Amino acid sequence: MTDEPLIDPIESLLEVLDLAESEARTTEDIFTGVSQPMPLGRVYGGQVLAQSIVAASRTVDGDRTPHSMHGYFLRPGDADRGITFAVDRIHDGRSFSTRRTQAFQEGVPIFSMIASFQIADEGLEHQKPMPADVPPPEELPDVEDHLAGLHPMSKRLFTDRPVDLRHVPSPIYLSVEGDPQPHQAVWMRTRRTLPDDPAIHRAALAYLSDLTIQESILRAHGVPWATRGLKVASLDHAMWWHRPGRVDDWMLYVQHSPSARGGRGLAHGRVYQRDGRLLASVAQEIMVRVPEVAG
């Protein structure tokens, strides 16, 4: 069995972001999309996040771009089935527009999101600086260097992704190195250049924002992804776009977890362009069940 991807990950990403407008007409705008093939058959959460933003963006004027979204993962999606996106035009003001997007499979909602869009405006500006003590990505091993010994099907979870990842201090796929700590940083970028359309880069950033953010919670307790019986599921996801940027250039995703309790864990993240500009902030709560703790 080969370890080579069976599909082109970048072409697959661009395909899922290219939603079709349905001829069906209700009180809402209807769009349809496909899912990326996934080894375990479940829709990747970042994909439906990105598609929901694309759908909502299709219903606002071109001079309004997303600045925030808040979404809930309601059910696992089936990667072998198409997804229908229904967009409700909640409000259009002079500067802001608000949209609600629901993603359906077989008539059942799998994800629900509210997003806000704004006309470009001037105002106060500051940002939290990017950490200065993180090694550059060129000095860190590629994620595939950490996958020795994994079953080829498990490897495909990583090699079929359209993104290159470099962990600091190291990935937690098979083990957690060093002392448990509730924070980490991950360099990331798409594996090759994307089209220049800023809307694609905003949507792709939403796609990437769901990658690795859960790991600050697991790292805090020394729990690797390979833990037998580990169950993790994203519950909700919030994102704020601060500045434009390119996801095909290196970005530093700084992550930490302020709390875990009651079978849930909260993670915060900040995404910086390599030049230090803060592109986005992210928050996600997950369900996490570790057999040794649950039992």
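**Ground rules.** I number residues from 1 along each chain as its sequence is written, and for side-chain values I use heavy atoms, leaving out hydrogens and water. Since the model is predicted, I ask for pLDDT of at least 70 for local features and count side-chain atom pairs only at pLDDT 80 or more, while totals for chains, interfaces and linings use all residues.

**Entry: serine 12.** I found serine 12 in helix α1, residues 9–17. Helices here are DSSP runs of H or I with at least four residues, strands are runs of E with at least two, and both are numbered from the N terminus. Is serine 12 buried or exposed? With a relative accessible area of 6%, serine 12 is buried (buried is under 20%, exposed over 50%, partly exposed in between, with a 1.4 Å probe and protein chains only). Leaving aside residues up to four places away in sequence, I see serine 12 touching Ile7, Gln36 and Pro37 (contact means heavy atoms within 4.5 Å).

**Entry: α2 and α4.** Next I looked at helix α2 (residues 45–57) and helix α4 (residues 198–209), whose axes come within 7 Å and cross at roughly 155°. The axes are lines fitted to C-alpha atoms over the stretch in contact, with angles from 0 to 180 degrees between N-to-C directions. The angle makes α2 roughly antiparallel to α4 (over 145 degrees; under 35 is roughly parallel, 65 to 115 roughly perpendicular, the rest oblique). On the α2 side I list Gly46, Gln47, Leu49, Ala50 and Val54, and on the α4 side Ala203, Ala206, Tyr207 and Ser209.

**Entry: aspartate 142.** I placed aspartate 142 in the loop between β6 (108–119) and α3 (152–159). Aspartate 142 counts as buried, at 18% relative accessibility. Which residues does aspartate 142 touch, not counting those up to four places away in sequence? I noted Asp164, Leu165 and Arg166. Aspartate 142 and arginine 166 are 24 residues apart along the chain, yet their C-alpha atoms are separated by 5.7 Å.

**Entry: glutamine 214.** My last stop was the loop between α4 and α5 (215–219), where glutamine 214 sits. Glutamine 214 counts as buried, at 7% relative accessibility. Beyond residues up to four places away in sequence, glutamine 214 touches Trp225, Ser234, Gln284 and Ile286. I also logged a polar contact of 3.1 Å between the side chains of glutamine 214 and glutamine 284 (a pair of N or O atoms within 3.5 Å; within protein, one must be able to donate a hydrogen and the other to accept it, and residues adjacent in sequence count only if both atoms are side-chain atoms).
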